[in-house]
Amino acid sequence: MTVQTFAEIGLAEPLLHALAAQTFTIPTPIQASAVPGLLDGRDLLGIAQTGSGKTAAFALPLLQHLMGGNVRSAPFAPRALILAPTRELALQIEDTLRKLGSQTRLRTTIVIGGASRHRQVEAMRRGPDIVVGTPGRICDLMATRELHLGAVRQFVLDEADRMLDLGFIKDIRKIVAALPQDRQSALFSATMPTEVASLANGLLRNPMRVEIERKEETAPKIEQSVHFVTQSAKRALLADLLADPAFSRVIVFTRTKRGANRVAEDLEDAGHRVNALHGNKSQSQREKALDQFRSGRARVLVATDIAARGIDVTGVSHVINYDLPVEPESYVHRIGRTARAGAAGVAISFCDHAEYPALRAIEKQTGAPLAVASGEPPAAGGRNGSKPSGHYGDRPPAQATRRRRPRNRRPNGGMRSAA
Ligand code: AMP
């Protein structure tokens with residue numbers, strides 16, 4: 001396949017300049033496949049996840065369509081609407097639109113919960129061309145007639161599977177019902193369960209389907225390993241790992257918000273620069289936590305799964321699953337926060353005996369057993385049992401790691417996957 005440039009796929013000068021400023025020279029596969037059709041006005045069903053370059057894949061044609069003519073948007077009546085499941089993802093999309101649209105006169109506004117409603121309404125009054133938002137606050141502004149969707153010609157629904165997981169289906173139906181028939185729509189989803197397929201059926205007209213292979217499933221660039229450890233020894237194990245400066249930008253995932261706070265407090269007490277990110281934090285706290293992590297002012301971010309998708313921070317050296325997720329898909333999303341944009345990454349999981357079934361489900365999903373970094377799986381001599389053995393992480397973790405130096409231990413603290 002010949003590599004096309006952005007100019008060859010028909011993008012306008014102001015967008016090419018913005019791309020050059022971002023040093024995006026070669027379209028990613030989803031961009032190469034989706035942009036020409038979207039420029040032609042086709043609907044799109046995109047099966048791809050964060051990390052594929054999907055934001056620019058829909059943002060570039062959307063900006064180009066809106067640039068045409070000398071149309072201005074009326075107050076409260078944007079011409080494009082982009083829905084995202086989380087505030088963080090909405091903010092990232094807005095940021096991409098601003099950067100890629102920097103050479104145009106198009107204006108973007110964000111409409112998300114947890115931030116000043118008043119300011120958002122004032123921004124709507126100025127007639128933005130594009131609105132990026134989460135379903136709850138969008139419906140809220142629609143209900144008070146501070147947002148009209150009758151002028152929307154470009155509609156994007158991002159991370160549709162996540163939207164449904166988070167229970168947004170009613171809001172989405174309400175929003176779609178308010179959109180005019182005469183529009184172009186794109187729907188993106190990392191997975192395509194029947195609920196998403198039926199949502200897509202109702203939303204898209206004769207869409208082109210672009211599917212980008214789920215790289216994270218095989219995750220060749222992510223070194224994955226597991227420490228078998230008791231719950232009470234996890235804290236010391238985390239401290240032990242973080243003593244290694246190679247752990248330069250680390251996301252630690254916990255199952256609960258309380259757990260995230262507790263781990264963050266422990267790390268802070270131990271002198272680490274750390275923030276917690278979860279659904280109980282205000283929008284400004286969440287943004288501050290991400291900003292500090294991005295800029296390197298905080299070395300560790302302790303997060304729950306709600307934050308796993310859509311966090312796009314480059315240079316995450318390690319993802320640590322302090323607790324294993326119950327859903328194997330969440331594991332894939334979590335570890336996908338490292339090894340972004342082609343860089344190598346390390347994912348380390350802590351597994352106590354109660355989490356062993358979750359580990360097995362994860363291994364089934366990823367298709368390969370994780371390399372064992374320390375401790376032993378519950379059933380001695382194999383992974384087929386579920387009873388904890390006497391060796392199950394009952395040694396102090398630091399010693400366990402030292403004494404059982406694994407064969408394929410790598411200098412950065414990670415392990416090569418056994419795959
Ligand atoms: P996304 O899947 O939209 O979250 O994008 C993932 C990452 O890829 C983001 O950090 C983008 O800035 C980056 N990116 C998107 N398109 C390109 C491109 N054509 N070349 C290089 N990086 C890109």
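Colleague: Which residue forms a salt bridge with R117, and how far apart are the closest N and O atoms?

Modeller: This is a predicted model, where local features need pLDDT of at least 70 and side-chain atom pairs pLDDT 80 or more, while totals for chains, interfaces and linings use all residues. Residues are numbered from 1 along each chain as its sequence is written, and side-chain values use heavy atoms, leaving out hydrogens and water. A salt bridge here is a Lys or Arg side-chain nitrogen within 4 Å of an Asp or Glu carboxyl oxygen. By that rule R117 pairs with D140, at 3.3 Å.

Colleague: How many residues apart in sequence are the parts that R117 and D140 tie together?

Modeller: Helices (H or I, at least four residues) and strands (E, at least two) are DSSP runs, numbered from the N terminus. R117 sits in helix 5 and D140 in helix 6 (residues 135–143), so the parts they tie together are apart by 23 residues.

Colleague: Is D140 buried, partly exposed or exposed?

Modeller: Buried is under 20% relative accessible area, exposed over 50%, and partly exposed in between, with a 1.4 Å probe and protein chains only. D140 has 31% relative accessibility, so call it partly exposed.

Colleague: In strand 4, which residue is the bridge partner of L81?

Modeller: Strands pair if DSSP finds at least two bridges between them. Strand 2 (residues 80–83) runs parallel to strand 4 over four bridges, and strand 3 (residues 108–111) also pairs with strand 4 in the parallel sense over four. T109 has V131 as its partner in strand 4. For L81, the partner is V131.
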